[in-house]
Amino acid sequence: MVGERGVFITFEGIDGSGKSTHIRLLSRELRRRGYEVLRTTEPTNSRIGRLIRESIQDASTRMPLRVEALLFAADRLHHVKSLIEPALREGKIVLSDRYIHSSIAYQGAGGLSQGWIRVINRYALRADLSIYLDIPPEVAMKRMERRRKSVFEVLPLQQKIREIYLKLVREGELLFIDGNRPVRAVQMDVRKVVFNLLKKRGLEAKP
Ligand code: ADP
Ligand code: TYD
């Protein structure tokens, strides 16, 4: 319904930064305005995604770092081919909870070079907009006290991941939004940048 090609928007941030909350609120608003939306997430629910989840549950099941990065890249390419591209061809707005920048930040924080991570993700479609929700790891950890933790959810690693995200912001790859505010204020900023993009594309919303 929105032209011949839809719009692909990704959401990034450390664990507990509010990505899924804001994707939910944004997609509700977009649908209310008549857009068709695909909400999706990485790792996906594919066989590869399940393998990844099993691997990152705890240190004892974890695969070697490079294998893990290749699995995330494989899951992503499968995601693009099976869900993202078909939805974009139908003119939908695709909102993805994590994409390539998660690999750069997380596997980069684990010690892999950014260059190699980009090489193995070379065939992943580029997003039209990548939003980064920034939040201090201490705050995120507090928000998620009751949630089951993956191997990534330890404070020093989350700090390193945040540093890489902030570098990507400085390099102009990610759009910074301060996520350490009440949900309403953060969501207002999210909507502002998304509606700006839709306007630029000539995909005006109903008032
Ligand atoms: P993510 O998807 O990035 O891991 P979530 O959206 O699941 O993050 O948010 C993690 C937790 O923090 C949830 O319990 C959510 O309700 C809460 N939360 C999200 N945004 C805010 C906010 N701005 N202020 C306080 N709590 C929040
Ligand atoms: P999952 O349990 O799906 O996340 P959530 O805690 O949001 O429910 O695990 C996703 C984890 O995988 C999350 O900590 C980020 C990490 N990750 C990477 O390390 N590299 C990637 O490329 C992606 C997409 C995610």
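A polar contact is a pair of N or O atoms within 3.5 Å; inside protein, one atom must be able to donate a hydrogen and the other to accept it, and residues adjacent in sequence count only if both atoms are side-chain atoms. A polar side-chain atom of Asp-15 lies 2.8 Å from one of the oxygen atoms of ligand 2. The side chain of Ser-103 has an N or O atom 2.6 Å from an oxygen atom of ligand 2, and for the side chain of Arg-53 the distance is 3.1 Å. The protein covers 83% of the 560 Å² of accessible area that ligand 2 has on its own (areas come from the Shrake-Rupley method with a 1.4 Å probe, and for residues only the protein chains shown count as cover).

Before going on, a word about what you're looking at: this is a predicted model, where local features need pLDDT of at least 70 and side-chain atom pairs count only at pLDDT 80 or more, while totals for chains, interfaces and linings use all residues. Residues are numbered from 1 along each chain as its sequence is written, chains are lettered from A and ligands numbered from 1 in the order in which they are written, and side-chain values use heavy atoms, with hydrogens and water left out.

Over to ligand 1. The residues around ligand 1 include Gly-16, Ser-17, Thr-21, Arg-143, Arg-181 and Val-183. Look at Lys-19 first: an N or O atom in its side chain is 2.6 Å from an oxygen atom of ligand 1. Backbone atoms take part as well, with a polar one of Gly-18 at 3.0 Å from a ligand oxygen and an N or O of the Ser-20 backbone at 2.9 Å. Taken alone, ligand 1 exposes 560 Å², and the protein buries 70% of that. Helix α1 (residues 19–32) gives the most to the shell around ligand 1, with three residues. That shell holds two nonpolar, six polar and four charged residues.

So where do the ligands sit? Rolling a probe the size of a water molecule over the atoms shows where empty space is left. On a 1 Å grid over the protein atoms alone, a pocket is an open set of points where a 1.4 Å probe fits, with protein on both sides within 12 Å along at least five of seven lines; lining residues have an atom within 4 Å of a point. Of its 34 lining residues, Asp-15, Lys-19, Arg-98, Arg-147 and Glu-153 are closest to the centre. The elements giving two or more residues to the lining are α1, α3, α4 and α8 (183–200).

Arg-98 has another feature: its phi is near 80°, a positive value in a residue other than glycine. You'll find Arg-98 in the loop between β3 (93–97) and α4. One more loop to check is between β2 (37–41) and α2 (47–55), where Pro-43 is found. The peptide bond from Glu-42 to Pro-43 is cis, with omega near -5°.

How values were computed:
A residue is near a molecule or strand if one of its heavy atoms lies within 4 Å of it. Helices (H or I, at least four residues) and strands (E, at least two) are DSSP runs, numbered from the N terminus. Ala, Val, Leu, Ile, Met, Phe, Trp, Tyr, Cys and Pro count as nonpolar, Asp, Glu, Lys and Arg as charged, and the others, Gly among them, as polar.
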